[in-house]
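Please look over the sequence and the model shown below before reading the report. The notes after it are meant to be read alongside the structure.

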Amino acid sequence: MTAHPGLRTDARRRHDPSVRGFASDNYAGAHPEILAALALANDGHQVAYGEDQYTEHLQQIMRGHFGPAAEAFPVFNGTGANVTALQALTDRWGAVICAESAHINVDEGGAPERMGGLKLLTVPTPDGKLTPELIDRQAWGWEDEHRAMPQVVSITQNTELGTVYTVDEIRAIVEHAHAKGMKVHLDGARIANAAASLGVPMGAFTSEVGVDVLSYGGTKNGMMFGEAVVVLDPGTVSHMKHLRKLSMQLASKMRFVSVQLEALLAKDLWLRNAGHANAMARRLAAGVREVDGVEILYPVQANAVFARLPHEVSRRLQKRFRFYFWDEAAGDVRWMCAYDTTEDDVDAFLQALKEEIAH
């Protein structure tokens, strides 16, 4: 990178990098290979608003993962990806069927409904996963003008509860939804973790089984910022680039999102990062199972461990390691592992857990 003589800055490190936590994979910094890619893309001028060489090359990379019809539209963040994707699949009177625990319902501040202008039709699930039978609880009333029209089924892979759909489970959902005239959106905020868990390519449970539109997540897998809406079936949407702009998700310096996605996806960085995070969650879960008084709530299939333990233990433990309550009234917590979680991090956390349980 070209030097800039006379450059002055007051920027300095304002955190202790030795402090570790299990609150979110968003807490991790950007992977060094991502930072290197950003530096490579930085010098000189490139055309703005996505007409740059990095965004153009990204299309080839995405098609390698999701098939020759795939088209990627980089965006700023996951909520923006989901809202833009769901708008693209719905009419003004349309509704989206999703799990009650879905990120679009629980953690996006009402953005799909308030900003996207659509209705969410939620279904309680035991493990965060929809099934054709559960979908049918809301898949009705298409001719009833008093009810928002179900037009989309949205699933999250892996789910917000850390569970993973199998390829056959998603295929069954897609076939069921399409048979009823609905489209399928997949929130892939942690799609890499799901693929690593299943041991299959990402396309195996998206484009190859008929998913229509994907929200591709990169930030939780080592990127600094940015996600992408990936249209897998071009016949399902039109004017996506106009909709992205309308949704305030058009980056002027898009090369800096696209080059990160390229660094993640061109080879195997996405899989290395996700596989490591998953392995650390398995290590954590194995240690937790040996601690009396702690219950693991869901199968540990990706990079999350959900547990139930005494409230006062969690409060003391939070003073040593940052993590969140999932359901504070029930005493449920969530522990997340990231691409940079180490075995020492996990072991230190387990030791602290044992000490607080014994307190």
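## Basis of the report

This is a predicted model, in which local features need pLDDT of at least 70 and side-chain atom pairs count only at pLDDT 80 or more, while totals for chains, interfaces and linings use all residues. Residues are numbered from 1 along each chain as its sequence is written, and side-chain values use heavy atoms, with hydrogens and water left out.

## Salt bridges

A search of the whole structure finds 15 salt bridges, a salt bridge being a side-chain nitrogen of Lys or Arg within 4 Å of a carboxyl oxygen of Asp or Glu. One of these joins the side chains of Glu33 and Arg272, with an N to O distance of 3.2 Å. This pair links distant parts of the chain, since Glu33 belongs to helix H1 (residues 32-42) and Arg272 to helix H11 (residues 269-288), 239 residues apart; helices (H or I, at least four residues) and strands (E, at least two) are DSSP runs, numbered from the N terminus. Glu33 counts as partly exposed at 35% relative accessibility, and Arg272 counts as partly exposed at 38%, where buried means under 20% relative accessible area, exposed over 50%, and partly exposed in between (1.4 Å probe, protein chains only).

A second salt bridge is formed by the side chains of Glu169 and Lys129, at 2.9 Å from N to O. Because Glu169 lies in helix H7 (residues 167-179) and Lys129 in the loop between strand S3 (119-123) and helix H6 (132-135), the pair ties together parts that are 40 residues apart in sequence. Glu169 is partly exposed, at 31% relative accessibility, whereas Lys129 is buried, at 12%.

## Packing of H1 and H10

Two packed helices are described by the angle between their axes and the distance between the axes. For H1 and helix H10 (residues 255-265), the angle is about 135° and the axes are 9 Å apart, the axes being lines fitted to C-alpha atoms over the stretch in contact, with angles running from 0 to 180 degrees between N-to-C directions. H1 and H10 are therefore oblique to each other, given that angles under 35 degrees count as roughly parallel, over 145 as roughly antiparallel, 65 to 115 as roughly perpendicular and the rest as oblique.

H1 contributes Glu33, Ile34, Ala37, Leu38, Ala41 and Asn42 to the contact, and H10 contributes Arg255, Phe256, Val259, Gln260, Ala263 and Leu264, contact meaning heavy atoms within 4.5 Å.

## Backbone details

A cis peptide bond, with omega of about -5°, joins Gln157 and Asn158, and Asn158 is found in the loop between strand S4 (149-156) and H7.

Tyr49, a residue other than glycine, has a positive phi near 60° and lies in the loop between H1 and helix H2 (53-66), where Tyr49 is partly exposed with a relative accessible area of 46%. His239 likewise has a positive phi near 60° in a residue other than glycine; His239 lies in the loop between strand S7 (227-231) and helix H9 (240-246) and counts as exposed at 56% relative accessibility.
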